Amino acid sequence: MELRETFLSALRTLGSHKMRSALTMLGIIIGAGSLVAVMSLIAGLNQSVTAQFQSVGTDIISVSHFPWVQMGDSDEYRNRKRITIHDSDAIASLPSIGLVAPNIHTRRGISYGGESMRRVRVSGTTPEYETIDNYSVESGRFITQFDVERRRQVVVIGSDVSEKLFGFRDPLGKNMQIGGKGFVVIGILDEKGDIFGDSLDEHVIVPFTTFRKAFGSRRSVVVDCQPAAGVPMARAIDDIRALMRIRRQVPRDKPDDFAINTQEDLTASYKQLTGVLYFAMTGIVALALLVGGIGVMNVMLVSVAERTREIGVRKAIGARRRDVTSQFLIESVILTALGGALGIGGGAGLALLVRVATPLPAATTPGAVALAVAFSLITGIVFGVYPAIRAGRLNPIQALSYE
Amino acid sequence: MLIQLEGVTKIYEVGTEKVNALGGVSLSIEKNEYIAIMGPSGSGKSTLMNVIGCLDTPTSGSYCLKGQEVGDLDDDELAEIRSAEIGFVFQTFNLLPRMTAFQNVELPLIYSKAHRRTRAERVWSVMDAVGLRDRAKHRPNELSGGQRQRVAIARALINAPSIILADEPTGNLDSGTGEEIMQVFEGLHKAGNTIILVTHEEYIAEHANRIIRLHDGLIASDERSAGASSPTRPVGSTERA
């Protein structure tokens with residue numbers, strides 16, 4: 001029997017049981033729909049997170065006391081030796097390293113006039129920080145070498161600080177308080193956005209030397225750097241690791257007691273997180289499709305029983321086993337394909353709604369659609385095969401005398 | 001020789017009991033014969049029809065259709081023989097309710113893999129033969145009993161089979177309509193078809209020119225009646241030229 005005829009006949013049959021077909025499809029619709037919706041949301045999340053990671057700087061190597069993503073025992077991290085400005089200088093002298101910006105951080109209350117903000121991130125660093133960490137100045141200027149050498153009481157402020165403390169006034173040249181000490185505002189940073197919900201713009205930056213004098217010099221230093229021009233990331237990282245292990249006298253058989261963070265690490269741990277999400281989702285979808293598939297099988301078995309006589313007639317007038325089997329198999333596949341299509345439409349619609357109504361740029365990828373299509377078709381085949389084979393094997397005489 | 005049965009038996013197992021439906025039937029049928037198979041219920045006439053119609057195979061004995069032994073064919077080979085050689089007409093019509101008359105008639109052509117372009121032409125020609133061209137787009141439930149049976153006959157004819165097997169074709173029709181259907185068979189016979197009719201009605205059987213009576217799975221009598229070969233009344237508009 002021609003495929004086209006089988007297809008048309010299957011559509012006719014499903015059309016004559018609209019309610020039953022619709023209910024049967026529901027499981028598949030939900031399965032395929034949630035698959036597409038969740039994958040679209042994850043794709044959107046990926047996109048926004050990637051954008052956030054870009055704001056960190058793509059070729060940054062950040063040598064620090066703590067890894068960006070901490071796992072396991074935090075006591076072990078706390079007891080580590082500090083990283084010092086001498087480590088930073090040593091890293092700067094490596095030929096494979098280009099720019100280096102040592103930086104230290106604290107949180108302090110800040111104020112200007114009647115306005116104040118609590119626990120604002122205060123960083124002390126050098127001019128190279130602007131390039132390495134992807135900052136740009138909206139007005140005024142960044143910290144200079146001169147500021148660092150002279151330990152000047154100057155500050156570059158983030159856009160949120162500018163907005164909240166100064167409002168419509170121009171902050172440049174104003175004298176503000178950071179942790180009870182006076183600083184002159186010399187620059188305002190461009191907006192940087194959020195990372196994991198934490199504003200990067202509630203931030204003030206002062207010269208490294210000034211920071212140490214004002215807020216203490218015993219803090220562990222973070223060394224942000226870039227590979228020298230033409231040096232691959234991996235080589236620069238290897239050089240830093242070797243240098244730091246020697247400087248910190250790490251025994252050969254012990255792991256590093258410092259962290260070399262890159263944007264790639266951040267991306268990797270994020271991917272690990274979404275990997276878990278994907279895994280959980282796959283389980284849910286598999287379950288939904290299993291339930292849907294059982295529904296399909298049930299309805300197909302009912303359909304075979306109901307149409308026993310029809311099967312007998314078809315066989316009497318020349319249908320072979322495979323004609324009957326393929327007819328029922330195509331019916332179940334159409335059922336799940338249609339359910340899949342509706343589910344994909346629903347899931348994509350939901351994603352579109354999220355995209356329009358929320359900041360999350362949810363996007364339905366062709367991969368998600370292909371996966372949902374594949375899942376639906378496979379469900380139709382897997383759960384349709386048994387009823388279809390049963391239909392094909394019916395004895396024509398018994399089928400014809402079936403009441 | 002179109003059909004040759006030699007010592008055909010059919011034994012069904014019902015639970016532990018064995019039922020001898022056919023106890024050794026030998027029979028030969030020539031092309032263009034018009035045969036009625038008669039017998040009380042349980043005489044084996046349905047089983048014989050199933051065997052001749054290749055819906056079932058004999059337990060023992062030999063059944064040759066157009067020189068081919070049918071007994072050792074598998075399911076699909078039997079289906080192909082049914083498709084090419086047999087046209088069934090049932091007591092309850094057995095049309096597929098969701099399809100139009102046209103689609104019902106076309107169905108055997110789809111199973112015999114006739115090309116789509118030639119199909120419509122052939123459907124129209126058999127619809128004309130049974131006088132139902134104007135009912136082609138109707139579904140079975142929009143047709144009268146007689147019209148339904150004509151559609152079924154058209155479906156049986158569509159692959160130009162060697163044998164038309166009709167099982168009580170007038171059993172569900174009033175006598176007037178039944179007579180009309182018998183006229184259709186008459187016409188088909190005159191046009192050269194081989195017809196085997198299963199019935200328990202004497203007056204229906206009398207349309208045939210050979211009556212085989214079965215009793216307890218055996219042929220009790222096999223008579224030819226010369227008179228029945230010429231119709232007693234003019235054939236209606238349904239006759240093929």
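Analyst: One definition first: buried means under 20% relative accessible area, exposed over 50%, and partly exposed in between (1.4 Å probe, protein chains only). The model is predicted, so local features need pLDDT of at least 70, side-chain atom pairs count only at pLDDT 80 or more, and totals for chains, interfaces and linings use all residues. Residues are numbered from 1 along each chain as its sequence is written, chains are lettered from A and ligands numbered from 1 in the order in which they are written, and side-chain values use heavy atoms, with hydrogens and water left out.

User: Is Leu107(B) buried or exposed, and what is its relative accessible area?
Analyst: Leu107(B) lies in helix α3 of chain B. Helices here are DSSP runs (H or I, at least four residues), strands are runs of E (at least two), and both are numbered from the N terminus. Leu107(B) is buried, with a relative accessible area of 2%.

User: How many residues of helix α3 of chain B are buried?
Analyst: The buried residues of α3(B) include Phe102(B), Glu106(B) and Tyr111(B). Their cover includes α12 (321–357) of chain A and α4 (116–129) of chain B. The helix is largely enclosed by the rest of the structure, because the buried count is ten of the eleven.

User: Which residue with a positive phi follows α3(B)?
Analyst: The phi of this residue is near 60 degrees. α1(B) is also followed by a residue with positive phi, Cys54(B). After α3(B) the residue is Lys113(B).

User: How many residues of α1(B) are buried?
Analyst: Among the buried ones are Lys45(B), Met49(B) and Asn50(B). α1(B) is largely enclosed by the rest of the structure, because the buried count is seven of the eight.

User: What separates the C-alpha atoms of Leu107(B) and Asn50(B)?
Analyst: These residues are 57 apart along the chain. Their C-alpha atoms are separated by 21 Å.

User: Which element gives the most to the lining of the second largest pocket?
Analyst: A pocket, on a 1 Å grid over the protein atoms alone, is an open set of points where a 1.4 Å probe fits, with protein on both sides within 12 Å along at least five of seven lines; lining residues have an atom within 4 Å of a point. This one has about 360 Å³ of space. Of its 14 lining residues, those closest to the centre include Arg309(A) and Phe90(B). With three residues, the top contributor is α1(B).

User: What angle lies between the planes of Tyr112(A) and Phe166(A)?
Analyst: Rings of Phe, Tyr and Trp (its six-membered ring) pair if their centres lie within 6.5 Å; planes under 30 degrees apart are stacked, over 60 edge-to-face, the rest tilted. Tyr112(A) in strand β2 and Phe166(A) in helix α7 are 54 residues apart, and both are buried. Their pair is tilted, with centres at 4.5 Å and a plane angle of 35 degrees.

User: Why is the pair of Phe183(A) and Phe215(A) stacked?
Analyst: The ring centres are 6.4 Å apart. Phe183(A) sits in strand β7 and Phe215(A) in helix α8. The pair is stacked because the planes are at 15 degrees.

User: Where in chain B is the pLDDT below 50?
Analyst: pLDDT is the predictor's confidence in each residue, from 0 to 100. Chain B has a mean of 89. Where pLDDT is low, the predicted coordinates should not be read in detail. The stretch is residues 228–241 of chain B.

Note on methods:
Contact = heavy atoms within 4.5 Å. Points joined across faces, edges and corners; volume = space filled by probe spheres on them.
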